[in-house]
Amino acid sequence: MDVTFHEHDLHFSPKATLQGENDIEEEQSSRDCLCPPLEPMDIQEHGSTGETRIEHGNTERSNQLPTSEANSRIVENGNQLPTPESPVREISSPSTIPSTPMLPEDDPEVINNPVFEFHDNINSEPNTETEPSHKLPFRKNRGQPKAQYEPDPKAKAKYPISNYMSSHRLSKSYASFVFHLSAIIIPNKVQDALADRKWTKAMEEEMEALQKSQTWELVPKPAGKRIVGCRWIYTLKYAADGTLDRYKARLVAKGYTQTYGIDYQETFAPVAKMNTVRVLLSLAANLDWPLKQFDVKNAFLHGDLKEEVYMDLPPGYSLPSQAGMVCKLKKSLYGLKQSPRAWFGRFSQSMKQFGYKQSNSDHTLFLKHRKDKLTALIIYVDDMIVTGNDPEEVKKLEAHLSSVFEMKDLGGLKYFLGIEVARSKEGISLSQRKYVVDLLIETGLLACQPADTPMEQNHKLAEYPDQVPTNKERYQRLVGKLIYLSHTRPDIAYAVSVVSQFMHAPSEDHMHAVHRILRYLKTNPGKGIMFSKNNHTDIAGYTDADWAGSITDRRSTSGYFTFVGGNLVTWRSKKQKVVARSSAEAEYRGMAHGVCEMLWLRHLMKDLGFKPKHAMNLYCDNKAAIDIAHNPVQHDRTKHVEVDRHFIKEKLESKTINMPHVCTEDQLADILTKAVSGKVFHSSLDKLGMRDIYSPT
């Protein structure tokens, strides 16, 4: 039989259609009789016949049903449901319903269904012609899978970022500065910027500056000329005390659409080496030099443009009356390929006229010696760092630059190229905390489970024929950001060096390795280098190599750390270009790279006025490599590294370097050549001087 019942009603509908009965007779019989309260029932099932026997306590029924009909009797909440021989009766009140154990028909999935049909025989087919009186309501998400991988905003994170980052060690002014770095969201699209009055005002100021300097003139679009596009870039500028100064919008040309030989010629322009910046910071920490930062407003507009370049109208500032018009550039603009060269040529000429000398070790470093005092300026595009022990010369330099360019004094060094600089009595700290947090947010790993080390020990990363490919663009973008992060994080140098070897054909295993680096960064987002005051300016280094560590081509990996004034300034982890036939050969090639880096530091220190007092120590843990360096007789073992052997031998004989032996436990460069255990890894980081000023404990 078919029974229709309602979820929220305590009685069965008298209009329910029953098989084998006439609708009119059923309605008449339902009016004549009521169903009395029923007693609790005992249910016994017999598995052999599939028969269900229903027994009432002392209640006797005169109507005896056949077995097939008894099997189909419906029980709900302890009540016996009507059958074709038993007319439908209404239950008088809820209080008359006895309580019984949960039956299969009481399952919530059955009860919550507004329409449910039962049949006399499981083999009989239901009546498809009869439509139920209740229909399922329309559901908007019908057919859509449940969002299982989307974060629940109400769910509590198991590994919140607050457990790994705190500002209780920071001063109030610096904590306020750090807060402003993370509080304001910088737009990526011009539509988002136009919706905010502050960014709109910044765009208007940029347009006024461009029009004031007569950067371009509007002309009809010439035939046969390539038109360069443009876009808006947004950033924040901070005052000398670290507070937010202004919103900055910059119009940038899309230089990647230019063609060599047509709208640009030479493009080379030097940029500051981060190694040089770290050397200056180490000297400032040891000698108590002040660090000042200057910014040039619209620096590229000071460069003269020689080529004929046409650009589209700025987004958001094109009028219907200007249709078919383009900008013919008169001066260089940010984004053009020749702009950095034009600007740097103008700037270097001005510095030389004022009496500064360009360093041969780094062409972006300008020095001036006066009465045993030094003033140093290093520039990266339009951001400058000035330090030294001659405060009078610093004031004169600022006045000179302000007379030639439109300058702005940003006060003490706090934020340079995305690197946060904090200074205290303990020293100078460099970190990229905001960069790490933004990277974790972008990848959705802000609440991930952290990892103890950046790479799994004894990993087997290589290129395999059956590897599963992954998103190449996303992989390259993440690895590129990690490469820039390694400017202040030598702890991830080896891991980044490994994953960068598979940029051309990354696999899922390689992507998992990148995610492990990000999970490791979650443990200490604010970790960085600490430059302490050690009261000396000596140069030292550590070099090491891992023989035939690459599974793909069995090439060795070499690495080195160098120190100036007891502070870490340069490091490198790189796979060697040729296959080494012995561990001594691999160590020797790595030793040659370390010597080259230390010689560059020696020349830089000479330019700064610090003459070497004794030989530089390069520590190595391979006795065979040290013996080869001191003993030129072993021709059979050294003829395939002849150039490196003569190079190192020459520096040893001139007393430029020394090569003392160091035990493996004290070899700091070991973490640059292979993945080590967590204990060895963190012990080496402590010796390197890495600190986390944002650590909550």
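Visitor: Hi! Is Ala-548 buried or exposed?

Guide: Hello! This is a predicted model, and in it Ala-548 is buried, with a relative accessible area of 18%. That counts as buried because the cut-off is under 20%.

Visitor: Thanks. Where is Ala-548 found?

Guide: Look in the loop between β21 (539-546) and β22 (557-564).

Visitor: And what is the phi of Ala-548?

Guide: Its phi is near 50°, which is a positive value in a residue other than glycine. For background, most residues other than glycine have a negative phi.

Visitor: Now Asp-372, please. What is its phi?

Guide: Asp-372 also has a positive phi, near 60°, and is likewise not a glycine. You will find Asp-372 in the loop between β13 (365-370) and β14 (373-380).

Visitor: Does that one count as buried or exposed?

Guide: Exposed: Asp-372 has 82% relative accessibility.

Visitor: Let's switch to the inside. How many residues does the largest nonpolar core have?

Guide: That core has 94 residues. Among those with the most contacts inside it are Met-455, Phe-561, Ile-648 and Met-659.

Visitor: Which helix gives the largest share of this core?

Guide: Helix α14 (residues 583-607) does, with 11 residues.

Visitor: What is Met-659 in contact with, leaving aside neighbours within four places in sequence?

Guide: Its contacts include Met-591, Val-595, Leu-618, Ile-626 and His-630. Ile-648 and Leu-652 are also among them.

Visitor: Which residues does the second core include?

Guide: The second core is separate and has 37 residues, including Val-190, Ala-193, Cys-230 and Tyr-247.

Methods:
Residues are numbered from 1 along each chain as its sequence is written. This is a predicted model: local features need pLDDT of at least 70, side-chain atom pairs count only at pLDDT 80 or more; totals for chains, interfaces and linings use all residues. Side-chain values use heavy atoms; hydrogens and water are left out. A nonpolar core is a set of buried Ala, Val, Leu, Ile, Met, Phe, Trp, Tyr and Cys residues joined through side-chain atoms within 4.5 Å. Buried means under 20% relative accessible area, exposed over 50%, partly exposed in between (1.4 Å probe, protein chains only). Helices (H or I, at least four residues) and strands (E, at least two) are DSSP runs, numbered from the N terminus. Contact means heavy atoms within 4.5 Å.
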